[in-house]
Amino acid sequence: MDWNFLDFVMERKGFDARWRKWILGCLSSVSFSIIINEKDRRHFSSSRGVRQGDPLSPFLFILVADAMSRRIQRGLEEESLCPLSVGSSRLTLSHLQFADDTLIFGEFEDQNWINILEIIKHFCEASGLKINIEKSSLVGINCEPAECERLAGSLGCQKVEWPISYLGMPLGDNLRSKSFWDPVLSKVAKRLAGWKRGFLSKDEKLTLIQSVLSALPTYYMSVFKMPIGVVGDLEKIMRNFFWEGFEKKKGRVAVAWDVCVRPKEKGGLGIGGLVEKNKALLAKWLWRFPLETDELWHKVIAAIYGFQVNGWDPGAAPGRTLRSPWKYIYSVHEFYKRCK
(Lines give C-alpha, C1' and ligand atoms only; values in the text may rest on other atoms or scores of the structure.)
Protein backbone atom coordinates (compact mmCIF):
# COMPACT_ATOMS: atom_id res chain seq x y z
CA MET A 1 0.00 0.00 0.00
CA ASP A 2 1.32 3.44 -0.94
CA TRP A 3 1.70 5.49 2.26
CA ASN A 4 1.24 8.81 0.45
CA PHE A 5 -2.07 7.63 -0.96
CA LEU A 6 -3.15 6.44 2.50
CA ASP A 7 -2.25 9.83 3.97
CA PHE A 8 -4.20 11.55 1.19
CA VAL A 9 -7.29 9.40 1.85
CA MET A 10 -7.15 10.02 5.60
CA GLU A 11 -6.77 13.76 5.00
CA ARG A 12 -9.80 13.83 2.70
CA LYS A 13 -11.79 11.92 5.32
CA GLY A 14 -11.00 14.55 7.96
CA PHE A 15 -8.32 12.83 10.06
CA ASP A 16 -6.21 15.26 12.08
CA ALA A 17 -2.58 15.82 11.03
CA ARG A 18 -1.29 14.45 14.35
CA TRP A 19 -3.33 11.26 13.97
CA ARG A 20 -2.09 10.78 10.41
CA LYS A 21 1.49 11.22 11.61
CA TRP A 22 0.98 8.51 14.24
CA ILE A 23 -0.44 6.10 11.66
CA LEU A 24 2.41 6.67 9.21
CA GLY A 25 4.85 6.23 12.10
CA CYS A 26 3.32 2.83 12.86
CA LEU A 27 3.80 1.83 9.23
CA SER A 28 7.36 3.09 8.82
CA SER A 29 8.74 1.79 12.12
CA VAL A 30 7.79 -1.88 11.73
CA SER A 31 10.65 -4.35 12.22
CA PHE A 32 10.97 -8.12 12.59
CA SER A 33 13.37 -10.54 14.22
CA ILE A 34 13.80 -14.29 13.77
CA ILE A 35 14.65 -16.65 16.64
CA ILE A 36 17.19 -19.29 15.64
CA ASN A 37 18.38 -21.86 18.18
CA GLU A 38 16.55 -19.95 20.90
CA LYS A 39 18.53 -16.79 20.16
CA ASP A 40 17.02 -13.53 18.91
CA ARG A 41 18.75 -12.45 15.69
CA ARG A 42 19.10 -8.87 14.51
CA HIS A 43 15.99 -6.94 13.50
CA PHE A 44 15.19 -6.01 9.93
CA SER A 45 12.68 -3.47 8.60
CA SER A 46 9.46 -4.26 6.78
CA SER A 47 8.56 -2.91 3.36
CA ARG A 48 4.89 -3.96 3.54
CA GLY A 49 3.57 -1.93 6.47
CA VAL A 50 2.12 -3.29 9.71
CA ARG A 51 2.76 -6.76 11.07
CA GLN A 52 0.65 -9.68 9.94
CA GLY A 53 -2.45 -9.99 12.10
CA ASP A 54 -2.24 -6.40 13.35
CA PRO A 55 -5.83 -5.13 13.91
CA LEU A 56 -4.80 -1.80 12.39
CA SER A 57 -4.25 -3.42 8.98
CA PRO A 58 -7.91 -4.14 7.99
CA PHE A 59 -8.95 -0.71 9.28
CA LEU A 60 -6.45 1.05 7.00
CA PHE A 61 -7.30 -1.24 4.08
CA ILE A 62 -11.00 -0.41 4.32
CA LEU A 63 -10.19 3.32 4.26
CA VAL A 64 -8.18 2.88 1.05
CA ALA A 65 -10.69 0.46 -0.54
CA ASP A 66 -13.43 3.03 -0.04
CA ALA A 67 -11.64 5.18 -2.61
CA MET A 68 -12.43 2.62 -5.31
CA SER A 69 -16.06 2.51 -4.18
CA ARG A 70 -16.29 6.27 -4.57
CA ARG A 71 -14.64 6.09 -7.99
CA ILE A 72 -17.22 3.54 -9.13
CA GLN A 73 -19.97 5.79 -7.79
CA ARG A 74 -18.60 8.71 -9.78
CA GLY A 75 -18.59 6.50 -12.86
CA LEU A 76 -22.31 5.91 -12.33
CA GLU A 77 -22.95 9.63 -12.00
CA GLU A 78 -21.00 10.28 -15.21
CA GLU A 79 -22.95 7.42 -16.89
CA SER A 80 -19.71 5.77 -17.99
CA LEU A 81 -20.72 2.57 -16.16
CA CYS A 82 -23.84 0.47 -16.75
CA PRO A 83 -24.87 -1.16 -13.45
CA LEU A 84 -27.18 -4.11 -12.95
CA SER A 85 -30.89 -3.24 -12.80
CA VAL A 86 -32.93 -5.08 -10.17
CA GLY A 87 -36.70 -5.50 -10.03
CA SER A 88 -39.52 -3.50 -11.54
CA SER A 89 -38.34 -0.27 -9.89
CA ARG A 90 -35.02 -0.58 -11.79
CA LEU A 91 -32.90 -0.41 -8.65
CA THR A 92 -29.25 -0.12 -9.70
CA LEU A 93 -26.61 -2.38 -8.19
CA SER A 94 -23.00 -1.57 -9.07
CA HIS A 95 -20.76 -3.21 -6.44
CA LEU A 96 -20.47 -4.77 -2.99
CA GLN A 97 -17.42 -4.58 -0.74
CA PHE A 98 -16.56 -6.58 2.34
CA ALA A 99 -12.99 -6.17 3.63
CA ASP A 100 -10.76 -7.32 0.74
CA ASP A 101 -13.61 -8.90 -1.26
CA THR A 102 -15.15 -6.75 -3.98
CA LEU A 103 -18.07 -7.84 -6.16
CA ILE A 104 -18.75 -5.64 -9.21
CA PHE A 105 -22.03 -5.85 -11.15
CA GLY A 106 -22.55 -4.55 -14.66
CA GLU A 107 -24.07 -5.07 -18.07
CA PHE A 108 -22.25 -7.39 -20.48
CA GLU A 109 -21.06 -4.70 -22.86
CA ASP A 110 -17.51 -4.26 -24.13
CA GLN A 111 -17.33 -0.54 -23.34
CA ASN A 112 -18.71 -1.06 -19.84
CA TRP A 113 -16.13 -3.79 -19.27
CA ILE A 114 -13.31 -1.51 -20.50
CA ASN A 115 -14.44 1.30 -18.17
CA ILE A 116 -14.55 -1.05 -15.18
CA LEU A 117 -11.01 -2.28 -15.92
CA GLU A 118 -9.80 1.32 -16.25
CA ILE A 119 -11.17 2.19 -12.80
CA ILE A 120 -9.49 -0.87 -11.28
CA LYS A 121 -6.20 -0.09 -13.06
CA HIS A 122 -6.12 3.54 -11.88
CA PHE A 123 -6.97 2.53 -8.32
CA CYS A 124 -4.13 -0.02 -8.25
CA GLU A 125 -1.65 2.51 -9.63
CA ALA A 126 -2.64 5.15 -7.07
CA SER A 127 -2.91 2.92 -4.00
CA GLY A 128 -0.03 0.53 -4.65
CA LEU A 129 -2.35 -2.44 -4.18
CA LYS A 130 -2.57 -5.30 -6.67
CA ILE A 131 -5.45 -7.57 -7.64
CA ASN A 132 -4.86 -11.30 -7.39
CA ILE A 133 -5.99 -12.33 -10.87
CA GLU A 134 -5.81 -16.03 -9.99
CA LYS A 135 -8.43 -15.53 -7.27
CA SER A 136 -10.63 -13.28 -9.43
CA SER A 137 -13.50 -14.69 -11.47
CA LEU A 138 -16.22 -13.67 -13.88
CA VAL A 139 -19.78 -14.96 -13.46
CA GLY A 140 -22.41 -14.53 -16.16
CA ILE A 141 -26.10 -13.97 -15.43
CA ASN A 142 -28.29 -15.01 -18.39
CA CYS A 143 -25.31 -14.61 -20.73
CA GLU A 144 -23.85 -16.77 -23.46
CA PRO A 145 -20.95 -18.94 -22.21
CA ALA A 146 -18.82 -17.87 -25.18
CA GLU A 147 -19.22 -14.20 -24.24
CA CYS A 148 -18.18 -14.94 -20.66
CA GLU A 149 -15.13 -16.82 -21.88
CA ARG A 150 -14.11 -13.94 -24.15
CA LEU A 151 -14.45 -11.24 -21.47
CA ALA A 152 -12.74 -13.38 -18.83
CA GLY A 153 -9.87 -13.99 -21.23
CA SER A 154 -9.38 -10.25 -21.75
CA LEU A 155 -8.54 -9.90 -18.05
CA GLY A 156 -6.91 -13.25 -17.57
CA CYS A 157 -9.28 -14.36 -14.81
CA GLN A 158 -11.31 -17.55 -14.67
CA LYS A 159 -14.94 -17.98 -15.71
CA VAL A 160 -17.11 -19.54 -13.02
CA GLU A 161 -20.45 -21.28 -13.50
CA TRP A 162 -23.37 -21.17 -11.12
CA PRO A 163 -23.71 -22.02 -8.28
CA ILE A 164 -20.98 -19.86 -6.73
CA SER A 165 -19.81 -19.10 -3.20
CA TYR A 166 -19.45 -15.59 -1.75
CA LEU A 167 -18.19 -14.96 1.80
CA GLY A 168 -18.62 -18.65 2.54
CA MET A 169 -22.29 -18.61 1.48
CA PRO A 170 -23.42 -20.71 -1.53
CA LEU A 171 -25.48 -18.84 -4.12
CA GLY A 172 -27.64 -20.11 -6.95
CA ASP A 173 -27.95 -23.73 -5.82
CA ASN A 174 -31.03 -25.81 -4.93
CA LEU A 175 -31.58 -24.98 -1.26
CA ARG A 176 -33.63 -28.12 -0.65
CA SER A 177 -31.02 -30.58 -1.89
CA LYS A 178 -29.07 -32.47 0.74
CA SER A 179 -25.77 -31.83 -1.05
CA PHE A 180 -26.29 -28.10 -0.43
CA TRP A 181 -25.85 -28.76 3.30
CA ASP A 182 -22.84 -31.10 2.97
CA PRO A 183 -20.38 -28.36 4.11
CA VAL A 184 -22.31 -28.00 7.38
CA LEU A 185 -22.38 -31.75 8.03
CA SER A 186 -18.68 -32.01 7.15
CA LYS A 187 -17.81 -29.19 9.54
CA VAL A 188 -19.70 -30.87 12.40
CA ALA A 189 -18.05 -34.25 11.69
CA LYS A 190 -14.61 -32.64 11.53
CA ARG A 191 -15.13 -30.92 14.87
CA LEU A 192 -16.28 -34.17 16.48
CA ALA A 193 -13.21 -36.03 15.22
CA GLY A 194 -10.93 -33.99 17.47
CA TRP A 195 -12.82 -34.65 20.71
CA LYS A 196 -12.00 -37.49 23.12
CA ARG A 197 -15.66 -38.16 23.67
CA GLY A 198 -15.14 -41.28 25.76
CA PHE A 199 -13.44 -39.23 28.48
CA LEU A 200 -16.08 -36.49 28.66
CA SER A 201 -18.81 -36.37 31.25
CA LYS A 202 -22.46 -35.76 30.36
CA ASP A 203 -22.19 -32.14 31.57
CA GLU A 204 -19.13 -31.54 29.39
CA LYS A 205 -20.84 -33.06 26.36
CA LEU A 206 -23.93 -30.95 26.99
CA THR A 207 -21.80 -27.81 27.07
CA LEU A 208 -20.08 -28.74 23.80
CA ILE A 209 -23.42 -29.45 22.10
CA GLN A 210 -24.91 -26.14 23.23
CA SER A 211 -21.86 -23.94 22.54
CA VAL A 212 -20.29 -25.65 19.51
CA LEU A 213 -22.37 -28.21 17.61
CA SER A 214 -25.62 -26.21 17.75
CA ALA A 215 -23.76 -23.05 16.69
CA LEU A 216 -21.92 -24.46 13.64
CA PRO A 217 -24.99 -24.45 11.31
CA THR A 218 -26.09 -20.96 12.45
CA TYR A 219 -24.48 -19.13 9.52
CA TYR A 220 -26.42 -21.22 7.00
CA MET A 221 -29.63 -21.30 9.07
CA SER A 222 -29.70 -17.50 9.31
CA VAL A 223 -30.46 -17.32 5.56
CA PHE A 224 -31.59 -20.78 4.39
CA LYS A 225 -34.35 -23.09 5.59
CA MET A 226 -32.89 -26.40 6.66
CA PRO A 227 -34.58 -29.51 5.17
CA ILE A 228 -36.07 -31.99 7.62
CA GLY A 229 -33.63 -34.69 6.46
CA VAL A 230 -30.63 -32.50 7.33
CA VAL A 231 -32.19 -31.62 10.68
CA GLY A 232 -32.52 -35.32 11.40
CA ASP A 233 -28.89 -35.99 10.47
CA LEU A 234 -27.55 -33.20 12.69
CA GLU A 235 -29.72 -34.12 15.65
CA LYS A 236 -28.68 -37.76 15.24
CA ILE A 237 -25.02 -36.70 15.43
CA MET A 238 -25.70 -34.69 18.59
CA ARG A 239 -27.76 -37.47 20.14
CA ASN A 240 -25.13 -40.13 19.47
CA PHE A 241 -22.39 -37.88 20.80
CA PHE A 242 -24.33 -37.19 24.01
CA TRP A 243 -25.20 -40.80 24.79
CA GLU A 244 -22.06 -42.39 23.38
CA GLY A 245 -19.92 -44.41 25.79
CA PHE A 246 -16.23 -45.19 25.93
CA GLU A 247 -14.44 -45.96 22.64
CA LYS A 248 -17.47 -44.95 20.57
CA LYS A 249 -19.63 -47.71 22.06
CA LYS A 250 -23.28 -46.79 22.00
CA GLY A 251 -24.46 -45.74 25.43
CA ARG A 252 -27.83 -46.30 26.97
CA VAL A 253 -30.42 -43.70 25.88
CA ALA A 254 -32.15 -42.69 29.08
CA VAL A 255 -34.31 -39.83 27.78
CA ALA A 256 -35.88 -39.14 24.36
CA TRP A 257 -34.12 -36.43 22.34
CA ASP A 258 -37.37 -34.47 22.03
CA VAL A 259 -37.28 -34.09 25.80
CA CYS A 260 -33.60 -33.13 25.87
CA VAL A 261 -34.06 -30.16 23.52
CA ARG A 262 -36.82 -28.64 25.67
CA PRO A 263 -36.07 -25.61 27.88
CA LYS A 264 -34.93 -26.45 31.40
CA GLU A 265 -38.06 -24.96 32.92
CA LYS A 266 -40.05 -27.54 30.94
CA GLY A 267 -37.99 -30.50 32.07
CA GLY A 268 -35.42 -30.54 29.26
CA LEU A 269 -31.70 -29.86 29.04
CA GLY A 270 -32.04 -26.53 27.21
CA ILE A 271 -30.30 -27.69 24.02
CA GLY A 272 -32.95 -26.22 21.76
CA GLY A 273 -34.42 -27.71 18.60
CA LEU A 274 -32.80 -26.90 15.25
CA VAL A 275 -36.18 -26.39 13.54
CA GLU A 276 -37.28 -23.74 16.03
CA LYS A 277 -33.87 -22.07 15.93
CA ASN A 278 -33.96 -22.00 12.13
CA LYS A 279 -37.44 -20.43 12.12
CA ALA A 280 -36.38 -17.77 14.62
CA LEU A 281 -33.28 -16.83 12.56
CA LEU A 282 -35.31 -16.56 9.34
CA ALA A 283 -38.11 -14.61 11.05
CA LYS A 284 -35.54 -12.04 12.15
CA TRP A 285 -35.30 -10.85 8.52
CA LEU A 286 -39.06 -10.22 8.46
CA TRP A 287 -38.71 -8.29 11.71
CA ARG A 288 -35.81 -6.23 10.35
CA PHE A 289 -37.48 -5.44 7.02
CA PRO A 290 -39.70 -2.50 8.13
CA LEU A 291 -36.94 -1.19 10.43
CA GLU A 292 -34.05 -1.01 7.93
CA THR A 293 -35.60 0.83 5.00
CA ASP A 294 -32.32 2.51 4.09
CA GLU A 295 -30.33 -0.72 3.85
CA LEU A 296 -29.44 -2.16 0.45
CA TRP A 297 -30.89 -5.62 1.18
CA HIS A 298 -34.27 -4.02 2.02
CA LYS A 299 -34.26 -2.08 -1.26
CA VAL A 300 -33.42 -5.21 -3.27
CA ILE A 301 -36.20 -7.27 -1.67
CA ALA A 302 -38.70 -4.42 -2.11
CA ALA A 303 -37.70 -3.96 -5.77
CA ILE A 304 -38.12 -7.66 -6.58
CA TYR A 305 -41.05 -8.77 -4.41
CA GLY A 306 -42.81 -5.51 -3.50
CA PHE A 307 -44.93 -4.97 -0.40
CA GLN A 308 -48.08 -6.40 1.10
CA VAL A 309 -51.26 -4.33 1.25
CA ASN A 310 -50.33 -2.92 4.68
CA GLY A 311 -47.40 -1.10 3.04
CA TRP A 312 -44.55 -2.26 5.28
CA ASP A 313 -44.43 -6.07 5.26
CA PRO A 314 -42.53 -7.59 2.29
CA GLY A 315 -44.18 -9.51 -0.51
CA ALA A 316 -43.89 -13.26 -1.04
CA ALA A 317 -41.55 -14.94 -3.53
CA PRO A 318 -43.03 -17.00 -6.39
CA GLY A 319 -43.60 -20.60 -5.38
CA ARG A 320 -42.04 -22.11 -8.51
CA THR A 321 -38.39 -21.40 -7.70
CA LEU A 322 -36.21 -23.71 -5.60
CA ARG A 323 -33.20 -21.37 -5.47
CA SER A 324 -34.63 -18.22 -3.89
CA PRO A 325 -33.65 -17.79 -0.22
CA TRP A 326 -36.44 -15.24 0.20
CA LYS A 327 -39.05 -17.87 -0.65
CA TYR A 328 -38.02 -19.90 2.39
CA ILE A 329 -37.56 -16.84 4.60
CA TYR A 330 -41.09 -15.75 3.79
CA SER A 331 -42.40 -19.26 4.52
CA VAL A 332 -42.03 -18.50 8.27
CA HIS A 333 -44.29 -15.44 7.96
CA GLU A 334 -47.14 -17.07 9.89
CA PHE A 335 -44.71 -18.16 12.61
CA TYR A 336 -43.39 -14.57 12.75
CA LYS A 337 -46.90 -13.09 13.11
CA ARG A 338 -47.67 -15.41 16.02
CA CYS A 339 -44.49 -14.32 17.79
CA LYS A 340 -45.12 -10.59 17.38
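This is a predicted model: local features need pLDDT of at least 70, side-chain atom pairs count only at pLDDT 80 or more; totals for chains, interfaces and linings use all residues.
Residues are numbered from 1 along each chain as its sequence is written, and side-chain values use heavy atoms, leaving out hydrogens and water.

- You will find W19 in helix α2 (residues 17–28); helices (H or I, at least four residues) and strands (E, at least two) are DSSP runs numbered from the N terminus.
- W19 is partly exposed, at a relative accessible area of 35% (buried is under 20%, exposed over 50%, partly exposed in between, with a 1.4 Å probe and protein chains only).

**Two helices together**
- Helix α7 (residues 202–213) packs against helix α9 (residues 228–243) at an angle of about 160 degrees, with the axes 9 Å apart.
- That angle makes α7 roughly antiparallel to α9 (under 35 degrees is roughly parallel, over 145 roughly antiparallel, 65 to 115 roughly perpendicular, the rest oblique).
- Axes are lines fitted to C-alpha atoms, for helices over the stretch in contact, and angles run from 0 to 180 degrees between N-to-C directions.

**Salt bridges**
- The whole structure holds 10 salt bridges, each a side-chain nitrogen of Lys or Arg within 4 Å of a carboxyl oxygen of Asp or Glu.
- R150 pairs with E147, their closest N and O atoms being 2.8 Å apart; both lie in helix α5 (residues 145–155), three residues apart, about one turn of the helix.
- D233 and K178 meet in another salt bridge (2.7 Å, N to O). This pair links distant parts of the chain, with D233 in helix α9 and K178 in the loop between β12 (169–171) and α6 (182–193), 55 residues apart.
- R288 forms a salt bridge with E292, at 2.9 Å between the closest N and O atoms.

**An exposed loop residue**
- E134 sits in the loop between α4 (110–127) and β9 (137–139), and counts as exposed at 71% relative accessibility.
- The C-alpha atoms of E134 and K266 are separated by 55 Å.
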